[in-house]
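Here is a friendly walk through the packing inside one protein model. Have the viewer open as you read, and pick out the residues as they come up.

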Amino acid sequence: MHPLPNVVPGALDLPSTARLEQGTPLHHRPRILILYGSLRPQSFSRKLALEAQRLLEQLGADTRLFDPHGLPMLDAEPATHPKVQELRQASLWSEGQVWVSPERHGTLTAVFKNQIDWLPLEEGSVRPTQGRTLAVMQVCGGSQSFNVVNALRVLGRWMRMVTIPNQSSVPKAWQEFDDAGRMKPSAYYDRVVDVMEELVKFTLLVCGRSDYLVDRYSERKGAVEAVALAAAAGVVDAALNQTEGA
């Protein structure tokens, strides 16, 4: 008796380091998209996003910072809207992403969630976020909280992203930035550096291997079963043709 009678033969893959080593090395700077979740003129999530961008550029990444101003609410406009297309194209361009949101009413803001809602799980045969790395950060108006980063991790998992272990939560953000909008030296700043450094490392590790890393048994099983059904249909068609010929 087969030890795994419920597993479809030919669909179960044995993970191997050899397959991982066959990954295609990057011949360009890792591409990181940065999203933030506030429209305020003095947005601290934007300031933190800009600080992350500076660090990422210093660490060798190619970055894009998406401005959510002008992005319509989901379904208020068709997906052909220029800001929606800009966001989706930036997501497809990226190999990693940074998500930064303020905490409002104990969770992430509508401004931020609206950006994620415009990114479909599937678009044709392409998943705009699958296999991309992700770093999550939040800013707080008061004491430190982890509500937002926890919620962002749920979103990242739902979008099939590789979310790195480290994260950043900046409490009392209004006192962590100077008049020029730069983050002041502190343990919170050091954590942001840690997170960006880790994101670049994970992106370099995952890039060229993401297709293999997110290749799933359930999807291979569906492909195997589809081939079997097509073959069975061919046999039936051949039998019918023979019968009609007789």
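## Around Q115

Leaving aside its neighbours within four places in sequence, Q115 is in contact (heavy atoms within 4.5 Å) with L35, Y36, G37, F66, P68, L71 and L87. You will find Q115 in helix 4, residues 110-117; helices (H or I, at least four residues) and strands (E, at least two) are DSSP runs, numbered from the N terminus. Before going further, note that this is a predicted model, in which local features need pLDDT of at least 70 and side-chain atom pairs count only at pLDDT 80 or more, while totals for chains, interfaces and linings use all residues. Residues are numbered from 1 along each chain as its sequence is written, and side-chain values use heavy atoms, with hydrogens and water left out.

Is Q115 buried or exposed? Q115 counts as buried because its relative accessibility is 0%; buried means under 20% relative accessible area, exposed over 50% and partly exposed in between, with a 1.4 Å probe and protein chains only. The side chain of Q115 also reaches back to the backbone oxygen of V111, at 3.2 Å.

## Two nonpolar cores

The largest nonpolar core holds 25 residues, and L48, L56, V98, M137 and M196 have the most contacts inside it. Such a core is a set of buried Ala, Val, Leu, Ile, Met, Phe, Trp, Tyr and Cys residues joined through side-chain atoms within 4.5 Å. Two or more residues each come from strand 1 (31-36), helix 2 (44-58), strand 3 (96-102), strand 4 (133-139) and helix 6 (187-206). Helix 2 gives the largest share of this core, six residues.

## Aromatic rings

How many aromatic pairs does a search of the whole structure find? The search finds two, where rings of Phe, Tyr and Trp (its six-membered ring) pair if their centres lie within 6.5 Å, and planes under 30 degrees apart count as stacked, over 60 as edge-to-face and the rest as tilted. F44 and F177 form a tilted pair, 6.0 Å centre to centre with 40° between the planes. This pair links distant parts of the chain, 133 residues apart: F44 is in helix 2, and F177 is in the loop between strand 6 (168-170) and helix 6. F44 is buried at a relative accessible area of 18%, and F177 is buried at 5%.

The pair of W99 and F112 is edge-to-face because the ring planes stand at 65°, with centres 5.7 Å apart. Here W99 belongs to strand 3 and F112 to helix 4, 13 residues apart. W99 is buried, with a relative accessible area of 0%, and F112 counts as buried at 0% relative accessibility.

## W118 and its surroundings

W118 sits in the loop between helix 4 and strand 4 and is buried, with a relative accessible area of 2%. Beyond its neighbours within four places in sequence, W118 is in contact with residues including L71, P72, M73, L74 and D75.

Technical notes
Polar contact = N/O pair within 3.5 Å; in protein donor to acceptor, adjacent residues only side chain to side chain.
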